[in-house]
Amino acid sequence: MRMRLFFWNILFLTLMGTAVLWADPAYDFTVVIDAGHGGEDAGAVGRTGLMEKDLNLKVSTMLADTIRAAFPRVQVLQTRTEDVFIPLQRRADFVNKHNADLFICIHTNAAENRAATGAETFILGTDRMEDNLDVAMRENAVMKLEDGFETTYEGFDPNSVDSYIMFELMQNQYMDQSLQFASLVQNQFTSTLHRDDRGVRQAAFWVLLKSACPSVLVEMGFISNRDEELYLASAIGKREITAALFTAFSSFYSKNGKKQ
Ligand SMILES: [Zn+2]
């Protein structure tokens, strides 16, 4: 009798264990990290010849490696790991194909005014959109490097102010979580790194519009400013920015992870 009870107990525990394994996928969260620009598209270029595409890739890869090492249950994907051109729409398609929980686009700013400094984090939105039209136009303009971009981008012209009306009509169901992550990033940049704070802003980025998950576009600093170019070029600068993004990610993941 006792043997039979023992047998049923073992069977029960084995089945339970199997069920737990089935309900326990390797990953409980997927983040896509997007190094802006690449290949023939250098992005902004500093006066020493430092290219935005290279900075973006370096920080993206450092961030990806740091998250992978710290959180084995987070699937960390990158839109590019090399110096290659990837169309904006394909970056968004990649996010959607992998059913991402968070999308982080890494960029570097530039301005005519060489005194402009500071870090800013964008979410998709139309609040004071006209104030941020120049940065949206610059980042969206890359689509013009593609053959047949008029078709791929549904007639959207990145250089035409009128084209941006389509953003007024969108619904952004990921606004709250995007804002949550953007605020965490910006808080790290300012409180921990003491960078000049340009704040969390809203702008009309195609790559964010077409990605179906919480998403941000980080402008790490101004490559057009002498001091910031030196900071971004330095190993310590890249390490600090990576650490700030990682801390923001850790907070976001602790609040929003474990989706099953
Ligand atoms: Zn950029």
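Colleague: In which loop is the place of H194?

Modeller: This is a predicted model, in which local features need a pLDDT of at least 70 and side-chain atom pairs count only at pLDDT 80 or more, while totals for chains, interfaces and linings use all residues. Residues are numbered from 1 along each chain as its sequence is written. Helices (H or I, at least four residues) and strands (E, at least two) are DSSP runs, numbered from the N terminus. On that numbering, H194 lies in the loop between helix 7 and strand 5.

Colleague: Is H194 buried or exposed?

Modeller: H194, a residue other than glycine, has a positive phi near 55°. A residue is buried if 20 or more other C-beta atoms, placed from the backbone, lie within 10 Å of its own, exposed if 12 or fewer, and partly exposed in between. H194 has 8 other C-beta atoms within 10 Å, so this residue is exposed.

Colleague: Does H37 count as buried or exposed?

Modeller: H37 is placed in the loop between strand 1 (29-35) and helix 2 (52-70). Its phi is also positive in a residue other than glycine, near 65°. Because H37 has 25 C-beta neighbours inside 10 Å, it counts as buried.

Colleague: How many helices and strands does the chain have?

Modeller: The C-alpha trace spans about 85 × 40 × 30 Å along its principal axes. Of the 260 residues in the chain, 40% are buried. The secondary structure comes to 10 helices and 6 strands.

Colleague: What share of the contacts with a separation of 6 or more comes from residues 24 or more positions apart?

Modeller: Two residues are in contact if their C-beta atoms, placed from the backbone, lie within 7 Å. Among the contacts with a separation of 6 or more, the share from residues 24 or more positions apart is 80%.

Colleague: At what angle do helix 7 and helix 10 pack?

Modeller: Two packed helices are described by the angle between their axes and the distance between the axes. The axes are lines fitted to C-alpha atoms, for helices over the stretch in contact, and angles run from 0 to 180 degrees between N-to-C directions. The axes of helix 7 (residues 175-192) and helix 10 (residues 235-256) are 8 Å apart, and the angle is about 145°.

Colleague: How many nonpolar, polar and charged residues does the contact of helix 7 with helix 10 have?

Modeller: Residues including F181, L184, V185 and Q188 in helix 7 meet residues including A244, L245, A248 and F252 in helix 10. Ala, Val, Leu, Ile, Met, Phe, Trp, Tyr, Cys and Pro count as nonpolar, Asp, Glu, Lys and Arg as charged, and the others, Gly among them, as polar. By class, this contact of helix 7 with helix 10 has 8 nonpolar, 7 polar and no charged residues.

Colleague: Which residues have the most contacts inside the largest nonpolar core?

Modeller: A nonpolar core is a set of buried Ala, Val, Leu, Ile, Met, Phe, Trp, Tyr and Cys residues joined through C-beta atoms within 7 Å. Leaving aside residues up to four places away in sequence, I104 touches V31, I33, D34, V216 and V218. The largest nonpolar core has 62 residues, and those with the most contacts inside it are V31, I104, V185, F205 and V216.

Colleague: Within what arc do the buried residues of helix 3 fall?

Modeller: The buried residues of helix 3 (residues 88-97) are L88, R91, A92 and V95. They line one face of the helix because, seen down its axis, they fall within an arc (that of the directions from the helix axis to the C-beta atoms) of 95°.

Colleague: What do the buried residues of helix 3 pack against?

Modeller: Just after helix 3, N99 takes a positive phi of about 55°. The buried residues of helix 3 itself pack against strand 1, strand 3 and helix 8.

Colleague: Which residues does N159 touch, not counting those up to four places away in sequence?

Modeller: N159 lies in the loop between helix 5 (149-152) and helix 6 (165-168). With 10 other C-beta atoms within 10 Å, N159 is exposed. Not counting residues up to four places away in sequence, N159 touches M137 and A141.

Colleague: How far apart in space are A110 and G43, C-alpha to C-alpha?

Modeller: A110 is placed in the loop between strand 3 and strand 4 (119-124). A110 has 21 C-beta neighbours inside 10 Å and counts as buried. A110 and G43 are 67 residues apart in sequence, and their C-alpha to C-alpha distance is 9.3 Å.
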